[in-house]
Amino acid sequence: MDRKDAIVKYALQMGDHALVTGQRLSEWCGHGPVLEQDIAITNIALDHVGQTRSWYQFAAELEGKGRTEDDLAYMRTEPEYRNVLLLEQPNTDWAHTIVRQFLYDVFNYYLHENLAHSPEEGIAAIARKSLKEITYHLRYSSEWMIRLGDGTELSRQKMQTALDNLWMFSGELTQMTPLEEFLATLGIAPDLAAIKPLYDEKVDEIIGEATLKKPGTTFMQSGGKLGRHTEYMGFILAEMQSLQRQLPGLKW
Amino acid sequence: MKKEWPLWEVFIRSKNGLSHKHAGSLHAADAEMAIENARDVYTRRNEGVSLWVVESRHITASNPAESESLFDPAMDKVYRHPTFYELPDEVTHI
């Protein structure tokens, strides 16, 4: 694997995380539990789509094969997408959405904090810009974890169910792939083993404050970062890509 | 109605040096969430540099029925306006 090729692949993976999150969260548009949260969650969806564009533009330019950000979003197949499994899990309800975002936001925060100091200036610039948004995302999902976890009996129960259901997807975030190991040896991206203790500490802190019970040791699902997805991924791409697949190159 | 979150009034300072202005209202479970909601609902287009929220029930309003006695007496007292002074060009926001 050469350096440039690895950076392109990594930028695509970062863009894939952001795009799948943005797509999932945008499903709440017009369906939020209250007006204020409808606006809030779609604001966050747009943050993620904006970050996607930065990563895809960077990847497309560095790759130099004439692909555009739209080609990368709309014309790649499921195994070419390298987002973690957690992010493709369905919204289900507000509790599942908040827990999914929280488990991701904690990781995303520490990842970007590190990437902001990457010697690869293209990566560092995107990370620095995104970090402000991600800091707010983490604040937002943490506040909701606490309020609903330490809320009514019903909200606590819903949050615990969501946490139990999604926990098995949290391990993949800090699991290294060969690509990430290669970039870590070059110092371009972080060793995720160094992020894991920070991740665990923050997750424990908020779960504790939310008076929820941390799920016990369980088998952790993985494969998303290698292109092996859950059954939900195909449906996300079908909805997102259908227009460009039917009418390639169509512009709004 | 008891299940509804309380109503909050939102005030935004659009830039440093100006005072906070009423922007609107929203529902939120508590003060911190009211700030977050205000950020998302009212400052998405770069409207502000500072936010205040106050629960609507803490605002005491004047009675519209009393507006004649409260406000009409000021109508014919033009000398209370600073229009008789020459203002230097540098003075703004008056």
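A salt bridge here is a side-chain nitrogen of Lys or Arg within 4 Å of a carboxyl oxygen of Asp or Glu. With that in hand, I looked up B:E32 and A:R147, whose side chains meet in a salt bridge at 3.7 Å, N to O.

I noted that this is a predicted model, in which local features need pLDDT of at least 70, side-chain atom pairs count only at pLDDT 80 or more, and totals for chains, interfaces and linings use all residues. Residues are numbered from 1 along each chain as its sequence is written, chains are lettered from A in the order in which they are written, and side-chain values use heavy atoms, with hydrogens and water left out.

**Chain B against chain A**

I found three salt bridges across this interface. Next I looked up the contact (heavy atoms within 4.5 Å), which takes 13 residues from chain B and twelve from chain A. The two chains bury about 1300 Å² between them, 51% of it on carbon and sulfur atoms; this is accessible area (1.4 Å probe) lost on putting the two parts together, summed over both. B:M33, B:E36 and B:D40 supply 40% of the area that chain B buries against chain A, more than any other three residues.

**Inside chain A**

I then turned to helices α1 (residues 3–26) and α10 (residues 232–246) of chain A, which pack at about 75 degrees with axes 11 Å apart. Axes are lines fitted to C-alpha atoms over the stretch in contact, and angles run from 0 to 180 degrees between N-to-C directions. That makes α1(A) roughly perpendicular to α10(A), a label covering 65 to 115 degrees. I listed A:L19, A:V20, A:Q23 and A:R24 in α1(A) as meeting A:Y232, A:M233, A:I236 and A:M240 in α10(A). Helices are DSSP runs (H or I, at least four residues), numbered from the N terminus.

Notes. Helices (H or I, at least four residues) and strands (E, at least two) are DSSP runs, numbered from the N terminus. Angles under 35 degrees count as roughly parallel, over 145 as roughly antiparallel, 65 to 115 as roughly perpendicular and the rest as oblique.
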